[in-house]
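Hi everyone, thanks for making time. Today I'd like to walk you through a structure that may be new to you, so please have a look at the screen with me.

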Amino acid sequence: MTPAQQASLAQSALRRDVSAGTLLHNGSADCTGLLVIISGQLRAYILSQEGREITLYRLFERDICLFSASCILNSIQFEVTVEAEKNAQLWVIPSESYKRVMQQSAVLANYTNQLMAMRFSEVMWRMEQILWKRQDRRLAAFLLEESALEESSLLRITHDKIANHLGTAREVITRMLRYLQSEGMVRLSRGAIELTDWDRLRALADT
């Protein structure tokens, strides 16, 4: 981009500090703007009419959320909700400012298309997991991913929260966790899950 285009985006960007649980974007009618994560962790998910959630992807330091500014792209109507999963700092570039520069810059337009394609690939991968992969394998993969993110084998997470990530019912998660515990792969306690057999969890997730 030209220095003027860079300055235009920089001058319009607003810095926000948000607490965990803050709702940042809610559906295609809410054109929040482009979110650029400085630190923290965001979660993008879809919500069914019955109120069931499914996590599509997470966003970390230096990631960009484009679906929160989907109104700048013609024919894109994607009902994604974005919330802060942990305390976060981010830049918000207003949709109109980003769109104005994108119309002037072929470089930025190409980057935006690449970013959108990458996110759609992530969403399609997640849908394939939901449609074709067994719930116990998805749960094992989620526990391993969560442990890597938290850098701990002890996860402070509820069965409800896991169900929201995986798009299923809490009762299903509870039943599968009890099975994993009976097999010695995890240890359950109130509000926490401890991973005890990583090798078997990996084998189950990779099956």
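Predicted model: local features only at pLDDT ≥ 70, side-chain atom pairs only at ≥ 80, totals over all residues.

Four strands make up an open sheet, in the order β2-β7-β4-β5, and their pairing is antiparallel. Which strands stand at the edges? They are β2, residues 23-26, and β5, residues 53-59; each has a single partner strand, so one side of each is left without a neighbour in the sheet. From one strand to the next, the twist averages 20°.

Helix α3, residues 106-132, lies across β4 (42-47) and β5, and it runs at about 140° to β5.

Now to the inside. The largest nonpolar core has 31 residues, and those touching the most other members are Leu24, Leu35, Leu42, Tyr57, Val82, Leu90 and Tyr98. Who contributes to this core? β3 (34-39), β4, β5, β6 (64-65), β7, β8 (88-93), α2 (95-104) and α3 each supply at least two residues.

Let me zoom in on two of those residues. Leaving aside neighbours within four places in sequence, Leu42 is in contact with residues including Leu24, Leu35, Ile37, Leu59, Val82 and Leu90. Tyr57, for its part, sits in strand β5. Is Tyr57 buried or exposed? Its relative accessibility is 4%, so Tyr57 counts as buried, the cut-off being under 20%. Beyond its neighbours within four places in sequence, the contacts of Tyr57 include Arg43, Ala44, Cys65 and Phe67, and also Arg119, Glu122 and Val123. Twelve residues separate Tyr57 from Tyr45 along the chain, and their C-alpha atoms are 7.1 Å apart.

Let's move on along the chain. An unreviewed UniProt entry annotates residues 133-199 as "domain: HTH crp-type". In the model, this span is 58% helix and 15% strand, and its end C-alpha atoms lie 19 Å apart.

There is also a second, separate core, with 22 residues; among them are Ala140, Phe142, Ile162 and Leu180. Leu180 brings us to helix α6, where the buried residues are Val172, Ile173, Thr174, Met176, Leu177 and Leu180. What covers them? The cover includes α4 (135-150), α5 (159-166), β10 (186-189), β11 (192-195) and α7 (198-206). As for α6 itself, residues 170-182, this helix has 13 residues and reaches 18 Å from its first C-alpha to its last, close to the 18 Å expected. Just after α6 comes Gly184, with a positive phi of about 80°.

Arg62 has a phi of about 75° and is found in the loop between β5 and β6. Arg62 is exposed, with a relative accessible area of 71%. Glu151 has a positive phi too, near 55°, and its place is in the loop between α4 and β9, residues 154-155. Glu151 also counts as exposed, at 74% relative accessibility.

Technical notes
Residues numbered from 1 in each chain as written. Heavy atoms only, no water. UniProt positions renumbered as here; feature names shortened; annotations may be inferred. Pairing = 2+ DSSP bridges. Axes fitted to C-alpha atoms, helices over the stretch in contact; angles between N-to-C directions. Contact = heavy atoms within 4.5 Å. Core = buried A, V, L, I, M, F, W, Y, C linked by side-chain atoms within 4.5 Å. Buried < 20%, exposed > 50% of the residue type's maximum accessible area, 1.4 Å probe, protein only. Expected span 1.5 Å × (residues − 1).
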